[in-house]
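Please open the structure in the viewer and keep the selection panel at hand.

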Amino acid sequence: MDDTFVRELEIDHVDKTTTLRFRQKLEGDVNCVVWDGAIVLAKYLERQCLKNSGFLENRSVIELGSGVGCVGIVAACLGANVLLTDLPQALPLLRQNVEENKSKLKGCVEIEALDWGSPCKINCTPDVILLAECIYYKEVVGSLVSTLRQLATEKTNIILCQELRDSQKQRECWKEFLENVKESFEVSFIPQTEQSLVYSSPEILILRLTKK
Ligand SMILES: C[S@@+](CC[C@H](N)C(=O)[O-])C[C@H]1O[C@@H](n2cnc3c(N)ncnc32)[C@H](O)[C@@H]1O
């Protein structure tokens, strides 16, 4: 029996609309569904590309903690060359989603296992690093920031989206992340007025980080 279901997402370009399809699992780990932060970030990227078609066109992008791949696949649909990464156990569903959307992607997509904090084999220099909903357990905050430090150059734009949930655990995790990341990166918050008019929320933050 097929244990998956599909979430569709329409992406507008200057001259057309593309419908992407993301296969999710009925039961499974956090990497089996599209999170709200992924939709908010994907729609922010769409809006930036509608304003400036060169925003992602031919850019080299790495996505961390891709899950089912929504953010990175949208970036490839908008013209970026994307490396999707996650833990090894997340990769089969991620591959299935890349395959499912392949004909609609303008840029190239590759997939690689990457466990934050472990030595990183990736040797491309990303113009952009994207991550959605990756700051949710304290144990990995240090490793995640260390991976961002390894991958980013002074020219890399890191665009991160995170929903702030009303739990003590998540608030502490977010505070620790901000304190840690501010040691090596300039951090700015992207105002909601610059985000999608429909897919945005005061509880879902988009941040831009650049290496000091
Ligand atoms: C809450 S999910 C978000 C998934 C996706 N970005 C989205 O927003 O739909 C967090 C993702 O981070 C990945 N992740 C968690 N710990 C990780 C680690 N140590 N290294 C790499 N990825 C990790 C999970 O496998 C999962 O795909």
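Begin by selecting Gly-65 together with the ligand: a backbone N or O atom of Gly-65 lies 2.8 Å from a nitrogen atom of the ligand. Such a pair is called a polar contact, meaning two N or O atoms within 3.5 Å. The model is a predicted one, in which local features need pLDDT of at least 70 and side-chain atom pairs count only at pLDDT 80 or more, while totals for chains, interfaces and linings use all residues. Residues are numbered from 1 along each chain as its sequence is written, and side-chain values use heavy atoms, with hydrogens and water left out.

Next, select Asn-31, where an N or O atom of the side chain is 3.3 Å from an oxygen atom of the ligand. Then move to Gly-67, which has a backbone N or O atom 3.4 Å from an oxygen atom of the ligand. How much of the ligand's accessible area does the protein cover? The protein covers 97% of the 590 Å² that the ligand has on its own, as calculated by the Shrake-Rupley method with a 1.4 Å probe.

The ligand sits in the largest pocket, as more than half of its atoms lie within 2 Å of the grid points. A pocket is an open set of points on a 1 Å grid over the protein atoms alone, where a 1.4 Å probe fits, with protein on both sides within 12 Å along at least five of seven lines; lining residues have an atom within 4 Å of a point. Select Val-30, Gly-65, Glu-133, Cys-134 and Tyr-136, which lie nearest the centre of this pocket among its 31 lining residues.

Note on methods:
Polar contact = N/O pair within 3.5 Å; in protein donor to acceptor, adjacent residues only side chain to side chain.
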